[in-house]
Protein chains: 2
Amino acid sequence: MKAQIFSVGTEILLGNITDTNSKYIAQRLSEFGIDLYKMVTVGDNFDRLLKELKNAIGKVDYIFITGGLGPTEDDISKEVAIRASGKEDKVVIDEESKKKLDSYFKSNERALSVNIKQAKFPKDAIILPNDIGTAPGCIIDCDNKSKIVLMPGPPQEMKYMFENKLLKYIKKEAVIKSKTLRIALLGEWDMASRIDLHSTNPTISPYFDDEGGFLRISAKAESDDKALILLDEKEKEVREVFGPLLLSDDGKRKEETLIDLLKERKEKVSCAESITGGMVASSIIDIAGASDVIEESYVTYSDRTKEKILNVSYETLRKYSAVSKECAYEMLDGLYDRTKSALCIITTGYAHKGEAFIGVKYKDKKFVREFKFSASRNKARRWTKNRAMDLSILIMRGMYEDNFDI
Amino acid sequence: MKAQIFSVGTEILLGNITDTNSKYIAQRLSEFGIDLYKMVTVGDNFDRLLKELKNAIGKVDYIFITGGLGPTEDDISKEVAIRASGKEDKVVIDEESKKKLDSYFKSNERALSVNIKQAKFPKDAIILPNDIGTAPGCIIDCDNKSKIVLMPGPPQEMKYMFENKLLKYIKKEAVIKSKTLRIALLGEWDMASRIDLHSTNPTISPYFDDEGGFLRISAKAESDDKALILLDEKEKEVREVFGPLLLSDDGKRKEETLIDLLKERKEKVSCAESITGGMVASSIIDIAGASDVIEESYVTYSDRTKEKILNVSYETLRKYSAVSKECAYEMLDGLYDRTKSALCIITTGYAHKGEAFIGVKYKDKKFVREFKFSASRNKARRWTKNRAMDLSILIMRGMYEDNFDI
């Protein structure tokens, strides 16, 4: 099965808005084993869209069109699809859709007369009702050559319609099951180079986002059971390669994994942050339920406040500077003295140089590790935050020792 | 002048990544008065891209291609462009590009042999050096019919190359000058509804990003001077509408505007954060030079730590709760007592309900304001951070009083 996606809107071509619909549809299609040939964005131009659409009909099984279903003259997608499919003389008013418009516009005649075109469809079209907006979608069958699927442009409406109205009409090629495995401490290439990326089923792909690296395994099979078996086998291989560096297999954010550990053990975390300046605490508090595990945290950005708040000694700061293993250990001790939290996390470093020390104390274990990043100021800060999460999880799991080799 | 954009990458068709390059280029082209005909995404497939590209040559003046310039076999964009332009027998190794690769890979022979294709170009191509990555871009002239512009896929590299290497070769239809005006405290629609968006020259467009709302004014004219005059006139109109809510006209981040104010006055800022949990401090520390203005900051997430660190009274917490005007005022006082910073910022609220109190104390002025957001937990936290910046800037400028009406 093959597909093509059109997004329609001059505002996209002007760069005023980002088309997120195409990505969403693309991702879902790949999960159904349907090949996407291309994605095309055109403006609100009847002739140009018509030409593109005629070109696509017969070449692919599904043609998805998002946008251009509104009530104004600029909204041309449905009209173009009707022309391209040769169903111009089969257009009728769909009574269900008209009723909905009636009730939406509370029988305001003027509004209705403008919007009535949203209730017009080819007689044999499958109508996709819009429960959260005014423009219904539809599926137009082009004499069994291709099916044109029209959906509204607002992403919320499109997604809702896709999942709740359209999905049952899409013929899936196979069952696809995926798993997301978060990996600790490794840079993107370091992570990717450790595994064989050439496997075709399951596929395994490396990704990198704001939280660091992760792997996505996707298995295709005739049934759920068979897909899950393939997935489990591949996951075992990955576990053997990465060992303790595998943080989670459920796609959870690192902060969530850490909070879950703390909640299970009824323990708290506190931070004293210099280079990350509040980002570690904030990223934990980003997760609902953080109030069970974090009460207080400190940003100690200057030498003076490392002394004042964390009791780091003047001698240490003078002799080794604030960006040193020695200072990191004293920050940890000072933070624990102040908070008595089971888990204490400290950061210190030079963002512009990409140098950071991360200290983690968990119960009677205490570790400081130095990191160097080739990255911009803000990335270096974010990566320090991510590494702090990695270390904390590994240490809480008892999987980290001094000289831990990644 | 007309243009078309191709983004190349199977990972985009799989829905794994969002193509942000096309939007960026689209936006810039519209600022130059160049018409964008369509945007097309294709996978790493030689024949399909070749067909699309041949189809576009001669129809538009500029064909932009992003992605597919890497060193692997999957990276096909340059090879396809060379084939489509009929310059296969004019390909040479560009010595400048090779030198850069040499130094990047420190003469590692194996890496070099894989990457050398990144230094190969048609003899008459204009090469666009890549200062922040390994893949240079280029401009290939298809016998004066169309110019193919090849740029790398990573958005940072693409943008840098676009602005610093490519721009001088793009023939603009007119001079376009733009200004970005940051607006405080208003939601997107509230901001947009106050101005007439129908003006065509200058155009004025509302935007919303992680920091809140801003307006972009773009004026088109024959000369820089004339464009600037148009821009200034429009800016005056906007200033009249928004008054003190206009935070900056230089596109700076709010945190930068705030830091500049503090630096000028040689003053410091401290925060005590509950709902934002370190995000305010971290966003300030995100800016280079923050160490001049911030030394210490506190995350007081629980009632207990509001008492312990900020000296909020037990009675206030019991009677009014931690999410109250009363608690906010006491947090401000406690923070000032502890830090003596000229600017003190506190936040408290319920992220999941979208309720927040923001307190700002600047010298002898002290304000607390309540905000309600219809937003998810994380957006509510981010918006609270943004509003805290807005209020702090307005208050430092002496433009905010009690009952300040937006």
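**Notes on chain A**

1. The model is a predicted one.

2. How many disulfides does the structure hold over all chains? The count is zero. A:C142 is in no disulfide, and its nearest cysteine sulfur, that of A:C138, is 10 Å away. A disulfide requires the two sulfur atoms to be within 2.5 Å. As for solvent, A:C142 is buried, at a relative accessible area of 3%.

3. A:C344 is likewise in no disulfide. For A:C344 the nearest cysteine sulfur belongs to A:C271, at 8.6 Å. Is A:C344 buried or exposed? With 0% relative accessibility, A:C344 counts as buried, the cut-off for that term being under 20%.

4. A:T66 belongs to strand β3 of chain A, which covers residues 62–66. The relative accessible area of A:T66 is 2%, so this residue is classed as buried.

5. Which residues does A:T66 touch, leaving aside those up to four places away in sequence? The contacts are A:F6, A:S7, A:V8, A:N21, A:I25, A:M151, A:P152 and A:M158.

6. A:L101 lies 35 residues from A:T66 along the chain, and the C-alpha atoms of the two are separated by 20 Å.

Technical notes. Residues are numbered from 1 along each chain as its sequence is written. Chains are lettered from A and ligands numbered from 1 in the order in which they are written. This is a predicted model: local features need pLDDT of at least 70, side-chain atom pairs count only at pLDDT 80 or more; totals for chains, interfaces and linings use all residues. Side-chain values use heavy atoms; hydrogens and water are left out. Buried means under 20% relative accessible area, exposed over 50%, partly exposed in between (1.4 Å probe, protein chains only). Helices (H or I, at least four residues) and strands (E, at least two) are DSSP runs, numbered from the N terminus. Contact means heavy atoms within 4.5 Å.
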